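Trainee: Could you show me how to read a protein model? I'd like to take one feature at a time.

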Amino acid sequence: MTYAVAPGGPAGPGAYVLGVDSGGSGLRVALGRAGDPGPLATTVCAEPVRTGPGGIDAGHLLDQLLPAARELLERASAEIRRDARPSGSRADDGSAHEVAAVAIGAAGMATLGERLRAELPGALADALGVRRVALAADAVTAYAGAVGQRPGAVVAGGTGMIALGTDLKEWHRADGWGHLLGDSGGGAWIGRAGLDAAMRAHDGRRGGSAALLDRLTAVFGPAEALPGLLYPRSDRPAVLASFAPEVAACAGADPVAAGILRQAAGHIAEAAAAVCPAPAEPDGEGGGTGEVALTGGLFRMGEPLIAPLREELARLLPGARTTTATGDPLTGALRIARALAAGDLRLPHHPTMLFVPREQETGRRGETAVHSEPRPE
């Protein structure tokens with residue numbers, strides 16, 4: 001099947017859009033309509049996209065994305081034929097087979113996405129006939145999934161931790177620097193702190209936790225064997241993060257475990273405060289809402305982490321609203337694709353954080369800055 005190219009103006013509400021989320025566990029693809037919320041269908045490619053000396057492998061991503069996208073498009077078209085909607089309904093409105101926009105969010109896009117930015121727009125135009133493409137860092141799609149196109153901040157917590165905020169003029173980033181340089185308060189940080197407390201108890205040093213030592217032994221075996229199990233692993237951050245739920249499980253009865261989660265909450269709140277735009281003043285100054293959305297598996301640990309985090313956020317960002325994300329990064333990618341199709345992408349463009357080829361930027365301001373430090377008061 002041939003899919004029509006979107007015209008220069010906004011796409012019709014029946015046009016297709018594609019959202020893509022590429023991460024450590026594989027590639028997820030969602031197909032939607034430009035005028036409808038939610039996906040029509042999704043599919044998963046379980047093999048993570050390769051990263052090499054030149055960055056993220058654009059060819060490997062396309063080898064997975066294009067068959068998945070074609071499968072979703074064919075399924076959607078077959079469904080339209082089965083439904084046999086009357087002529088003149090939106091399914092038959094002339095834009096029903098139009099691929100209006102694609103948005104791809106990828107882990108490592110900001111630092112390793114040069115090949116994607118160079119190769120994907122042309123390849124997607126050739127293969128799917130789509131001319132509106134956005135390539136985003138996974139923190140940006142997490143933001144779009146959690147907050148949408150409003151000013152605010154998102155904290156994405158999993159194995160790592162990153163905070164991203166915007167006043168819709170520029171991006172502000174805090175942390176997300178990996179488990180050796182940062183990701184403070186994330187799953188690997190909590191797990192490492194818990195294992196440190198367990199090893200201290202094993203040695204008889206101050207700050208140890210017998211409860212966490214018991215959990216270490218149950219999960220990994222004898223404490224003295226842990227270095228041999230941990231240090232040769234290439235997935236050390238994930239192994240460290242796997243112990244974070246054990247810390248949360250002990251926190252109710254063990255003050256050391258509870259203290260680790262309080263420290264984690266402090267780090268997370270500091271990152272959120274560094275990027276959250278100031279609420280709008282009565283005179284219109286300021287561009288934020290004081291909204292901080294939490295997203296990612298880290299926050300499934302529940303109240304042992306969430307309760308001290310709320311306290312820290314209230315202390316550092318008085319008046320801010322803490323919310324739970326309304327959608328994940330795949331939802332965010334689909335939202336960006338819809339906004340692009342409608343000519344209404346209000347999130348700041350940026351050469352590495354949210355890249356939209358210049359020929360698609362008619363009527364837009366120039367590319368914006370991203371900051372990794374707090375703004376001056």
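**Helix against helix**

Mentor: Let's start with a pair of helices: the axes of H5 and helix H6 (residues 210-220) come within 8 Å and cross at roughly 105 degrees. This is a predicted model, where local features need pLDDT of at least 70, side-chain atom pairs count only at pLDDT 80 or more, and totals for chains, interfaces and linings use all residues. Residues are numbered from 1 along each chain as its sequence is written, and side-chain values use heavy atoms, with hydrogens and water left out.

Trainee: What do the labels and axes stand for?

Mentor: Helices (H or I, at least four residues) and strands (E, at least two) are DSSP runs, numbered from the N terminus. An axis is a line fitted to C-alpha atoms, for helices over the stretch in contact, and angles run from 0 to 180 degrees between N-to-C directions.

Trainee: How are H5 and H6 placed relative to each other?

Mentor: Angles under 35 degrees count as roughly parallel, over 145 as roughly antiparallel, 65 to 115 as roughly perpendicular and the rest as oblique. H5 and H6 are therefore roughly perpendicular.

Trainee: Which residues in H5 and H6 meet?

Mentor: Contact means heavy atoms within 4.5 Å. On the H5 side you'll find Gly194, Leu195, Ala197, Ala198, Met199, Ala201 and His202, which meet Ala210, Leu212, Leu213, Leu216 and Phe220 in H6. That contact has 10 nonpolar, 2 polar and no charged residues. For the classes, Ala, Val, Leu, Ile, Met, Phe, Trp, Tyr, Cys and Pro count as nonpolar, Asp, Glu, Lys and Arg as charged, and the others, Gly among them, as polar.

Trainee: What about H10 and H11: at what angle do they pack?

Mentor: About 40 degrees, with the axes of H10 and H11 8 Å apart. That makes H10 oblique to H11. The contact of H10 with H11 has 13 nonpolar, 1 polar and 3 charged residues. Among the H10 residues that meet H11 are Leu261, Arg262 and Glu270, while the H11 side includes Pro304 and Glu312.

Trainee: Which residues of H11 are buried?

Mentor: Buried means under 20% relative accessible area, exposed over 50%, and partly exposed in between (1.4 Å probe, protein chains only). In H11 the buried ones are Leu305, Ile306, Pro308, Leu309 and Leu313. They pack against helix H10 (255-275), strand S12 (291-295) and strand S13 (321-324). Over the protein chain, buried residues make up 51% of the 377 residues.

Trainee: What should I look for in the backbone angle phi?

Mentor: Most residues other than glycine have a negative phi. Asp175, in strand S11 (residues 171-175), has a positive phi near 65 degrees. Asp183, in the loop between S11 and helix H5 (187-203), also has a positive phi, about 55 degrees.

Trainee: Are Asp175 and Asp183 buried or exposed?

Mentor: Asp175 is buried, with a relative accessible area of 13%. Asp183 counts as buried too, at 11%.

Trainee: How far apart are Ala342 and Gly12?

Mentor: They are 330 residues apart in sequence and 8.1 Å apart in space, C-alpha to C-alpha. Ala342 lies in helix H12 (residues 329-342) and is partly exposed, at 40% relative accessibility.
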